[in-house]
Amino acid sequence: MSEKTYTVTGMTCQHCVDAVTSEVSGVAGVDAVAVDLGTGNVTVQGEGFSDDEIAAAIDEAGYALA
Ligand SMILES: [Cu+2]
């Protein structure tokens with residue numbers, strides 16, 4: 001199990017949090033996603049996911065990494 005934190009720009013409300021959580025949760029190997037709306041920090045726990053896959057999922061949700 002590993003944990004990485006990414007900073008996402010553009011999230012403004014709970015809808016944004018839900019969208020990012022949903023997309024990132026769909027990445028293979030991701031077990032848990034925690035989003036802090038105040039800081040934009042997205043903490044991802046799991047095994048075998050890559051930064052590129054997380055970035056693609058965040059892009060798919062309509063947001064970008066800082
Ligand atoms: Cu929103």
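**Strand pairing, helix packing and the copper site**

In the sheet, T5 faces T43, a residue of strand β3. The structure is a predicted model, in which local features require pLDDT of at least 70 and side-chain atom pairs count only at pLDDT 80 or more, whereas totals for chains, interfaces and linings use all residues. Residues are numbered from 1 along each chain as its sequence is written, and side-chain values use heavy atoms, with hydrogens and water left out.

Two helices and four strands make up the protein, arranged from the N terminus in the order β-α-β-β-α-β. Helices (H or I, at least four residues) and strands (E, at least two) are DSSP runs, numbered from the N terminus. The radius of gyration, taken over C-alpha atoms, is 10 Å for the protein, in agreement with the value near 11 Å that a compact globule of 66 residues would have; the globule rule is 2.2 Å times the number of residues to the power 0.38. Along the principal axes, the C-alpha atoms occupy a box of roughly 30 × 20 × 20 Å. Buried residues account for 33% of the 66, where buried denotes under 20% relative accessible area, exposed over 50% and partly exposed in between (1.4 Å probe, protein chains only). Of the contacts (heavy atoms within 4.5 Å) between residues at least 6 apart in sequence, 64% connect residues at least 24 apart.

The four strands form an open sheet with antiparallel pairing, in the order β2-β3-β1-β4. Because β2 (30–36) and β4 (64–65) are the edge strands, each with a single partner, one side of each has no neighbour in the sheet. Two strands are taken to pair if DSSP finds at least two bridges between them. Strand β1 (residues 2–9) is joined to β4 by two bridges, and T9 lies opposite A64 of β4. Strand β3 is linked to β1 by six antiparallel bridges, and six antiparallel bridges also link β3 to β2. Across the latter pairing, V33 has V44 of β3 as its bridge partner. The hairpin of β2 and β3 has four residues between the strands, and G40 adopts a positive phi near 80° there.

In a regular strand, side chains alternate between the two faces of the sheet. In β3, the covered face carries V42, V44 and G46, and the uncovered face N41, T43 and Q45. V42, located in β3, is buried because its relative accessibility is 0%. Opposite V42 stands Y6. Leaving aside residues up to four places away in sequence, V42 is in contact with K4, T5, Y6, V8, M11, V20, V33, A34 and V35. The C-alpha atoms of V42 and L65 are 9.7 Å apart, and the two residues are separated by 23 residues along the chain.

The copper ion has C13 (SG) and C16 (SG) as its protein donors, at 2.0 to 2.1 Å. Donors are N, O and S atoms within 2.8 Å of the metal (3.2 Å for Na, K and Ca); water is not among the atoms, so sites may look incomplete. The two cysteines fall into separate accessibility classes: C13 is partly exposed because its relative accessibility is 32%, whereas C16, with a relative accessible area of 5%, is buried. The structure contains zero disulfides, a disulfide being a pair of cysteine sulfur atoms within 2.5 Å.
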